[in-house]
Amino acid sequence: MNQTKRRTGGRVLIDALRIHGVDTVFCVPGESYLAALDALHDARDAITTITCRHEGGAANMAEAWGKLTGRPGIAMVTRGPGACHATIGLHNAVQDSTPMVLFIGQVARGHSDREAFQEIEYRRFLDPLCKGVVQIDDPARIPELVSQAFHRACSGRPGPVAVVLPEDMLTEETDVADAGPYTVVSPGVAHGAIPALRTLLAQARCPLVIAGGGGWCARASEDLARFVEANALTTAASFRCQDRLDNTHPCYAGDLGLGIDPKLAERVRDADLLLVVGARLGEMTTHGYRLVAPPSPRQKLVHIHPDPDELGRVYQPTLAICAGSAEFLRAATAMPPVDAGAWRDATAHAHREYLESVEPTAGLPGPVEMGKVMTHLRERLPPDAILTTDAGNFSAWMHRHYVYRIYPSQIGPTSGAMGYGIPAAIAARHVYPDRPVVAFCGDGGALMTGQEIATAVHHGIDPVILVVNNAMYGTIRMHQEREYPDRPIATGLTNPDFTAWAESFGAFAARVERTDEFPGAFEAALSAGRVAVVELRIDPELITTRATLAQIRGTGARA
């Protein structure tokens with residue numbers, strides 16, 4: 001496509017999206033970008049427009065879409081309030097290194113700097129949340145600056161880019177030619193990096209791999225499996241990145257996130273070499289920077305990351321490799337294996353400990369046993385099922401008890417944002433209509449973006465949504481009871497009847513009040529042929545996978 005006839009800026013924009021391979025746009029419509037919406041009408045044979053009920057939902061859907069596809073997720077929102085609502089998706093994308101482009105309507109150019117209706121100066125507002133923020137004031141520059149946005153979103157460390165569209169710019173005509181599609185530019189593995197890595201591995205006695213971060217693909221996951229198997233390397237996943245390595249792989253040792261197995265935490269402390277592939281080593285993965293202490297960790301550190309500004313920013317690595325995970329692992333699989341005799345047995349033992357940790361803890365309170373619910377899901381769902389998660393203590397059951405087999409199959413915000421699970425599940429089911437998609441939400445997060453169930457009904461998208469209801473903001477209550485025992489405040493919730501709520505949208509709904517009710521309710525949800533909500537009413541004491549609220553209150557124990 002190389003248009004040179006006169007077109008409105010809105011038409012040039014949508015033509016550019018088609019050139020860059022966009023097939024889905026998540027939006028809440030607004031008068032500030034009507035010309036772009038009109039152009040989408042003519043492109044509806046190539047681009048599906050998903051109409052959302054809140055800009056936070058639209059942005060989270062776009063972010064999840066980017067995670068699942070590796071291509072920029074696209075959201076369109078109006079100026080002012082719309083952009084403010086959408087910032088949650090930008091924050092998720094920047095912390096998760098997810099490619100995303102957010103298009104924002106803006107006041108007319110002649111009205112700028114007057115505090116016009118819903119006016120915001122987006123460069124100052126969004127700069128901390130984006131890899132780049134650009135305003136297009138001339139329609140002739142749309143091909144150039146949209147191309148720039150896609151390149152920046154995908155190259156190096158992926159992330160979000162905001163593109164601001166003045167209303168009158170979109171209606172102005174231009175005869176500009178189109179640009180070509182974007183290409184992904186990733187740093188390669190420097191000469192000498194793999195031999196240096198091999199030397200460090202050969203010197204180690206108890207090495208450990210931590211895999212995570214953004215920029216992964218199915219091939220990278222397969223290469224990781226080949227590399228760690230060839231060298232018998234104990235491998236853990238960073239927070240909410242459990243699908244980077246098949247959890248049944250004999251080198252897999254578990255995840256460094258919510259409800260971490262204490263034995264795995266000890267393995268990280270005892271390691272003499274950490275090989276970190278793609279992960280930033282953030283607060284959650286390092287458990288408050290206690291497992292790996294900055295700036296100079298006790299363990300030797302090989303840090304592989306696509307952003308040179310990240311390498312050495314928090315931790316001083318013994319060996320820094322500026323490369324994407326896929327590029328590094330492609331090179332690492334060609335490395336001659338080292339003698340793994342010093343740690344081969346430890347790796348096998350770590351995997352056995354992981355398999356033991358997957359089994360539920362006995363004796364936890366309440367008629368709905370979440371460990372058994374997760375066991376049923378683990379046995380019932382196929383390996384290609386996708387699980388999305390909201391933020392909250394309820395997600396620890398998913399992290400501990402579910403076994404991920406392929407990439408991608410786990411979608412969750414490492415930013416800990418509530419309200420993510422439902423929009424992410426809708427996006428996932430749209431991307432993969434032939435794969436089961438199950439969302440995990442708490443009762444708090446479900447009501448933050450639950451209106452997007454209407455979006456699913458409207459567009460015929462049918463994930464299964466599990467609402468784990470304990471009538472409180474459970475994570476905060478847990479922290480309150482540990483730090484200020486018997487002084488809860490602001491964490492109790494009065495909830496709707498979630499089944500009636502879901503049915504009011506046109507969704508299938510079921511309630512589970514005993515463990516033995518779950519299999520039947522879940523089967524009915526899977527076969528409903530429409531979006532389905534299953535509410536699980538759990539005992540408020542059931543606050544973590546290993547401890548009750550009373551135990552935390554009495555001992556100050558951590559989850």
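Modeller: The conversation below covers an open sheet, the helices lying across it and one further helix, all in a predicted model.

Biologist: In what order do the six strands of the open sheet come, and how are they paired?

Modeller: The order of the six strands is 3-2-4-5-7-6, and the pairing is parallel.

Biologist: Which are the edge strands?

Modeller: They are strand 3 (48-51) and strand 6 (132-135), each of which pairs on one side only. From one strand to the next, the twist averages 20°.

Biologist: Over how many bridges do strand 6 and strand 7 pair?

Modeller: Strand 7 (residues 160-166) and strand 6 are joined in the parallel sense over four bridges. Val134 stands opposite Val163 in strand 7.

Biologist: Which strands does helix 1 lie across?

Modeller: Helix 1 (residues 9-19) lies across strand 2 (24-27), strand 4 (73-77), strand 5 (100-106) and strand 7. Its direction is at about 165° to strand 4.

Biologist: And what about helix 3?

Modeller: Helix 3 (residues 55-69) lies across strands 2, 3, 4 and 5, and runs at about 165° to strand 4.

Biologist: Changing topic, which residues of helix 19 are buried?

Modeller: In helix 19 (residues 498-505), the buried residues are Phe498, Thr499, Trp501 and Ala502. Viewed down the helix axis, they fall within an arc of 160°, so they line one face of helix 19.

Biologist: What do those buried residues pack against?

Modeller: They pack against helix 16 (443-449), helix 17 (452-459), strand 18 (464-469), strand 19 (508-512) and strand 20 (532-537).

Biologist: Which residue follows helix 19?

Modeller: Gly506 follows helix 19, and its phi is positive, near 100°.

Definitions and conventions: Residues numbered from 1 in each chain as written. Predicted model: local features only at pLDDT ≥ 70, side-chain atom pairs only at ≥ 80, totals over all residues. Heavy atoms only, no water. Buried < 20%, exposed > 50% of the residue type's maximum accessible area, 1.4 Å probe, protein only. Helix = DSSP H or I, 4+ residues; strand = E, 2+ residues; numbered from the N terminus. Arc of directions from axis to C-beta. Contact = heavy atoms within 4.5 Å. Pairing = 2+ DSSP bridges. Axes fitted to C-alpha atoms, helices over the stretch in contact; angles between N-to-C directions.
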